[in-house]
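Trainee: Hi, could you walk me through this one? I'd like to start with how helices pack.
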Amino acid sequence: MTLVAERRRETAPRPHHPLRAEVVRGFGPWAGAAVLLTVVVALGADAGQWQGGWAETRERLHMVAGMLGVPLALAAGCWHGGRERRRRTGELLASAARGRLARLLVSGLPLVLWVIAGYAVAALLAWLATWYRAMGDSPYVIAPLTDAAVLASAVLAGQVVGRLVAWRLAAPLLAAGAYAGIGMLTYDSGDNSYAPLSPVVDGMTDSVPVWWQPLAMTVWAGGLAGAAVVAYAARRRAVALLPLAAAIAAGTLLVRTGDGLWHTDPIARRQVCDTSTTPQICVNARFERLLPQVKDALSGLTGRLEGVRNLPVRFEDRPGGPARDEVELPMLTPIGWSVVRGELADPREYAWAAGMSLYGRSECDDPAPSLDAVDNAVEHYLAPSPLEKDFDEQLAERGEADRARLKDRLDARARLRAMSEQERRAWLSAYFATANECDLSEVPTL
Amino acid sequence: MTDHRRLDARSAPALDGPLLYARSRTVPRALAALLTTAALAVWAADGLDAYVDPQRRVPVVALAPLFAAAVIGTSLHTASDELDRTAVRPWWRRRLVHLLALTALTAALLSVAVLGHASVFGPPAMIRNTLGGTGLTAAAAALLGARLSWLPAFGYVSAVYLGSAGAHGRSSPVWAWPVRPGGGTGAWTAAALVFAAGAALYVVRGARVEGPRA
């Protein structure tokens, strides 16, 4: 008998830790799946606008986590917080040996784990999608970590609200309120000095925060949630003043620093150049791997400009305006327009835009009509617009004046084409010397 | 027996079936929440200056019906499920009237918020979103339980609201119905189908029984 009992004791499975049941069962997995689905749908719906750019991916993830994840985490926490009330097990738990704080954390932390896991999987999927089409740069890890800390704080704060408020609509109301609150804090167009307190900072692809901003944001959000948890559940409630003081200090620091929280990303300040062409072609270091594509797209244009003088030295692509002797490369950002998923959407149109940036009389009050034909001939020769044929047809269908204008344009194009190589190079050199002149007499005729 | 009935009639106001049903589903509280939602929507839409840009109405047109749908969804909860199942009469008529009446009232109340200057995000968009949102919560009430019925609708609508900015695909009116302008056929069809499916599911099956472990 003794032998049998001993053997049984040896083979009996070890009882699981109580936390295990909290982690693998109940609402946690559902909340994690809801966060994952929400973030994936929101990201997937406009993948063309972030896929391929690491900074764009970071911004999109950050925005979705703040605008959707935080309200959802608050609501999930609030729903979960009302569990004991719905099960009517509050009194039973109150008789447990563990204190209130331990009981709150045992039910709250598994939910935190699932919500963060849902966000982490969504972030990994977004990173994979961008890595597959990456144009340069590298992943940004700190921002998703900060977002995860903010999400965890939201779950815990929601948990406390759920314990306190016995109302079926508390959770959706909390979510809607948080959504509206964060939206107003972030996008209020007035003098909004409290914007740095928002977990969302929108549209900063060329900028990165100072090193301590993620820390301050974590302390701000975590301090508020910690204060709520301690005030609700700890034996000595006055201790809640500590996390509250930390949150207020971090919040004050964020608000006082304001715009100083952000500075231009060092990698966005650099550019990568191909010096074998005329003009040279530079793209921002964030899109380093796009340089061969841009060079290919502009190869027709740069080939025709070989040996021509008075041209800008290079197409530049840095934040801010071009320096002297430089012109701006047609915009690569915001991605989703000329660049989609790591590829130039329309190389012909891109080349046309690059050609147009070499000469411009946009500042002229009233450029002479005959300049129109000359400029158009150059445009046609270097890199015609994909819509050129349509424009010509429109002119031909309109009144007498437009038909005459079209005829001038066609004549000028034919004259430029008829020149010998050398003659054309000399003429283009003279033309580019006056590319921004408004005075007809300065511009060489065709 | 007759004495008992007389006694009851004297001691409490006589409540017939529909009123008792409404009370058991906390419909009065849901009505109060819907009225508050509509008032808030009117206040929010008023401050948007939508004549500058009709797109400014999108937050109100997407979020107010969403919250109203959450109110309707949670009102489908019954605290006396086992007792209800012993009833002789079929429940589907009451469920249908309950859902349709609250949806119609919400659509009418919320449309007031976006009346006024002709705008692409006017009453039609509000009515469509009320239908779609209520359809989602009704389906969730049947599948998940009424008290948590707001969760899938919140996830879906808010994800579409953020993600639809860059959606230009041919299928986008169908899945992005909560943020489309009012007149589009695709968005209307999608929302109407969601409502029909959700309402049918709820009316036939009722809200999912929520055990003590919910």
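Mentor: Helices (H or I, at least four residues) and strands (E, at least two) are DSSP runs, numbered from the N terminus. The model is predicted, with local features needing pLDDT of at least 70 and side-chain atom pairs pLDDT 80 or more, while totals for chains, interfaces and linings use all residues. Residues are numbered from 1 along each chain as its sequence is written, and chains are lettered from A and ligands numbered from 1 in the order in which they are written.

Trainee: Okay, at what angle do helix H4 and helix H9 of chain A pack?
Mentor: Helix H4 (residues 54-81) and helix H9 (residues 170-187) of chain A pack at about 155°, and their axes are 8 Å apart. Angles over 145 degrees count as roughly antiparallel, under 35 as roughly parallel, 65 to 115 as roughly perpendicular and the rest as oblique, so H4(A) is roughly antiparallel to H9(A).

Trainee: Which residues meet there?
Mentor: Residues are in contact if their C-beta atoms, placed from the backbone, lie within 7 Å. Among those in H4(A) are A:Gly66, A:Met67 and A:Trp79, and H9(A) brings residues including A:Ala170, A:Tyr179 and A:Ile182. The contact of H4(A) with H9(A) divides into 16 nonpolar, 1 polar and no charged residues. Here Ala, Val, Leu, Ile, Met, Phe, Trp, Tyr, Cys and Pro count as nonpolar, Asp, Glu, Lys and Arg as charged, and the others, Gly among them, as polar.

Trainee: And how do H7 and H8 of chain A cross?
Mentor: The axes of H7(A) (residues 100-132) and H8(A) (residues 142-164) come within 9 Å and cross at roughly 145°. Their contact includes A:Leu104 and A:Tyr119 of H7(A), with A:Pro144 and A:Gln159 among the residues of H8(A). That contact has 14 nonpolar, 2 polar and 1 charged residues.

Trainee: New topic: how many residues of chain B are in contact with chain A?
Mentor: 26 residues of chain B are in contact with 27 residues of chain A. H8(B) gives the most to chain B's side, with 9 residues. That side divides into 17 nonpolar, 7 polar and 2 charged residues.

Trainee: Last one, what does chain A's secondary structure come to?
Mentor: Chain A has 19 helices and 8 strands. Along its principal axes, the C-alpha trace of chain A spans about 110 × 55 × 40 Å.

Methods. Axes are lines fitted to C-alpha atoms, for helices over the stretch in contact, and angles run from 0 to 180 degrees between N-to-C directions. Two residues are in contact if their C-beta atoms, placed from the backbone, lie within 7 Å.
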